[in-house]
Amino acid sequence: MQQGKDAIYSQPQEVSSFSFDQSVAEVFPDMIQRSVPGYNTIVDTIGQISAQFAQADTSIYDLGCSLGAASLSASKYIHAKNCKILAVDNSEAMAKRCELHVQTFKAKTPISVLCDDLQNIEINNASVVIMNFTLQFIDPTQRNDIIEKIYQGLKPGGVLILSEKLSHNTQTGNELLIDLHHEFKRRNGYSELEISQKRTALEDVMRIESFEQHKRRIESAGFNDVIRWFTCFNFSSMVAVKPN
Ligand code: GEK
């Protein structure tokens with residue numbers, strides 16, 4: 001499988017809205033590791049958290065799975081009996097490559113890959129639902145319904161693992177976190193042109209919210225414990241627990 005270095009925005013261009021197409025799927029592992037601080041740690045820890053909360057005879061959902069990194073991590077760590085993982089992505093290019101990845105790694109807990117919009121998916125008999133940097137790409141007006149659907153589909157004691165890029169609610173704080181993130185990208189080899197063109201491409205596609213907004217939505221759905229277990233600059237991951 002061809003896998004390359006992300007040079008999508010390295011040349012001056014008329015920037016159009018970012019989409020998860022073939023060219024992105026081909027360089028995705030390089031792109032996400034050079035763009036999201038702590039990505040490898042987050043993915044590995046998602047596997048450990050999944051193992052802690054996976055219940056026997058239940059499903060684990062990975063919504064917006066891209067190439068299946070979180071599914072593979074969950075599969076590696078889960079020891080509960082008779083679990084299955086459903087990895088969902090609405091990008092055909094991603095879902096196809098995900099299928100190949102999953103076959104290559106021979107997952108311990110079986111992974112099925114589905115190419116569909118996560119909004120069409122029913123969540124049933126779930127003990128873990130993973131959304132690793134996916135909700136930020138969904139229309140904000142749809143987000144309450146999605147979180148409620150996940151809550152309803154989870155078994156008591158089940159969890160939602162939600163990672164998001166966040167805004168900060170003071171201007172100084174927000175600017176500081178954005179500056180630190182851009183410096184992280186520079187240190188990973190992205191040029192000023194790449195950083196600014198990517199920012200433009202994501203403007204209408206990725207709509208980020210603050211931790212407080214996410215927490216309010218998650219708690220309104222019924223989750224009673226929201227644990228922010230990872231933060232680096234403006235990137236965080238949380239676990240939300242459905243009461244027993
Ligand atoms: C990882 N979780 O490596 N339905 C299904 N998939 C969607 C939808 C939707 N409505 N909208 C966006 N996606 C992965 C990384 S990337 C994050 C997730 C990033 C998919 C989209 O096609 C893409 O593959 C993924 O969500 C977001 O652990 O690139 O910053």
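Me: Which residues does Gly 189 touch, not counting residues up to four places away in sequence?
Reply: In this predicted model, local features need pLDDT of at least 70, side-chain atom pairs count only at pLDDT 80 or more, and totals for chains, interfaces and linings use all residues. Residues are numbered from 1 along each chain as its sequence is written, and side-chain values use heavy atoms, with hydrogens and water left out. Gly 189 lies in the loop between helix H6 (171-187) and helix H7 (192-202), helices being DSSP runs (H or I) of at least four residues, numbered from the N terminus. With contact taken as heavy atoms within 4.5 Å, Gly 189 touches Arg 34 and Glu 194.

Me: What distance separates the C-alpha atoms of Gly 189 and Arg 34?
Reply: Arg 34 is among the residues that Gly 189 touches. The two are 155 residues apart along the chain, and their C-alpha atoms are separated by 8.1 Å.

Me: Which residue has a polar side-chain atom 2.6 Å from an oxygen atom of the ligand?
Reply: A polar contact here is a pair of N or O atoms within 3.5 Å. A nitrogen atom of the ligand lies 3.1 Å from a side-chain N or O atom of Asp 117, and a backbone N or O atom of Leu 118 is 2.9 Å from a ligand nitrogen atom. The distance of 2.6 Å to a ligand oxygen belongs to Asp 89.

Definitions and conventions. A polar contact is a pair of N or O atoms within 3.5 Å; within protein, one must be able to donate a hydrogen and the other to accept it, and residues adjacent in sequence count only if both atoms are side-chain atoms. Helices (H or I, at least four residues) and strands (E, at least two) are DSSP runs, numbered from the N terminus.
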